[in-house]
Amino acid sequence: MNARMHLSGAHGSQQQSDGNRLAVAVEVLGLLADRTRLALLYRLGEGEADVTTLTEYCEASRTSVSQHLARLRLAGLVTTRKEGRRVIYGLRHGHLRRLVDEALNVADHQIGHLPPHD
């Protein structure tokens with residue numbers, strides 16, 4: 001009975017952990033569900049960049065790019081560092097780059113009517 005109680009407690013803990021993971025994943029995917037933010041993350045996957053470079057890449061207004069970068073920074077998805085008067089942005093980790101790449105691979109398959117594969 002003791003082992004069973006321990007296992008059920010561990011199972012409940014696992015469910016709570018899974019719930020937290022799913023909630024955070026939903027937040028991350030929600031942030032990716034915007035064309036400008038997705039473009040920003042894609043560009044940052046190629047390397048660090050400042051706001052001017054990112055604005056040119058996204059073909060969006062500087063104000064819009066700055067607001068999107070602020071959301072990404074507050075969510076902990078991008079890092080910042082100062083270089084003189086410029087702020088340089090980068091991705092927090094490679095998992096995010098791979099997530100963006102995979103989303104774009106799915107888009108390529110749908111647009112090109114390519115067969116599914118693993």
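**Helix packing and local contacts in a predicted model**

The side chain of histidine 68 makes a polar contact with the side chain of arginine 37, at 3.1 Å. A polar contact is a pair of N or O atoms within 3.5 Å; within protein, one must be able to donate a hydrogen and the other to accept it, and residues adjacent in sequence count only if both atoms are side-chain atoms. The model is predicted: local features need pLDDT of at least 70, side-chain atom pairs count only at pLDDT 80 or more, and totals for chains, interfaces and linings use all residues. Residues are numbered from 1 along each chain as its sequence is written, and side-chain values use heavy atoms, with hydrogens and water left out.

Histidine 68 lies in helix 4, residues 62–74. Helices (H or I, at least four residues) and strands (E, at least two) are DSSP runs, numbered from the N terminus. Histidine 68 is buried, with a relative accessible area of 14%. Buried means under 20% relative accessible area, exposed over 50%, and partly exposed in between (1.4 Å probe, protein chains only). Leaving aside neighbours within four places in sequence, histidine 68 is in contact (heavy atoms within 4.5 Å) with Asp34, Thr36, Arg37 and Leu40.

Thr36, Arg37 and Leu40 are among the buried residues of helix 2. Aspartate 34 caps the N-terminal end of helix 2. A side-chain oxygen of aspartate 34 lies 3.0 Å from the backbone nitrogen of threonine 36.

Helix 4 also packs against helix 3 (residues 51–58). The angle is about 110°, and the axes are 9 Å apart. Axes are lines fitted to C-alpha atoms, for helices over the stretch in contact, and angles run from 0 to 180 degrees between N-to-C directions. Helix 3 and helix 4 are therefore roughly perpendicular to each other (65 to 115 degrees). Val51, Thr52, Leu54, Thr55 and Cys58 in helix 3 meet Arg62, Val65, Ser66 and Leu69 in helix 4. By class, this contact has five nonpolar, three polar and one charged residues. Ala, Val, Leu, Ile, Met, Phe, Trp, Tyr, Cys and Pro count as nonpolar, Asp, Glu, Lys and Arg as charged, and the others, Gly among them, as polar.

Threonine 52 lies in helix 3. At 36% relative accessibility, threonine 52 counts as partly exposed. Its side chain makes a polar contact with the side chain of arginine 62, at 3.0 Å. The C-alpha atoms of threonine 52 and valine 87 are separated by 9.9 Å, with the two residues 35 apart along the chain.

Two residues other than glycine have a positive phi. Glutamate 59, in the loop between helix 3 and helix 4, has phi near 55°. Glutamate 59 counts as exposed, at 74% relative accessibility. Histidine 113, in the segment after helix 5 (94–112), has phi near 50°. Histidine 113 is exposed, with a relative accessible area of 70%.

Overall, the protein chain has five helices and three strands. Along the sequence, the pattern is α-α-β-α-α-β-β-α. Buried residues make up 24% of the 118 residues. Of the contacts with a separation of 6 or more, 49% join residues 24 or more positions apart.

Technical notes:
Angles under 35 degrees count as roughly parallel, over 145 as roughly antiparallel, 65 to 115 as roughly perpendicular and the rest as oblique.
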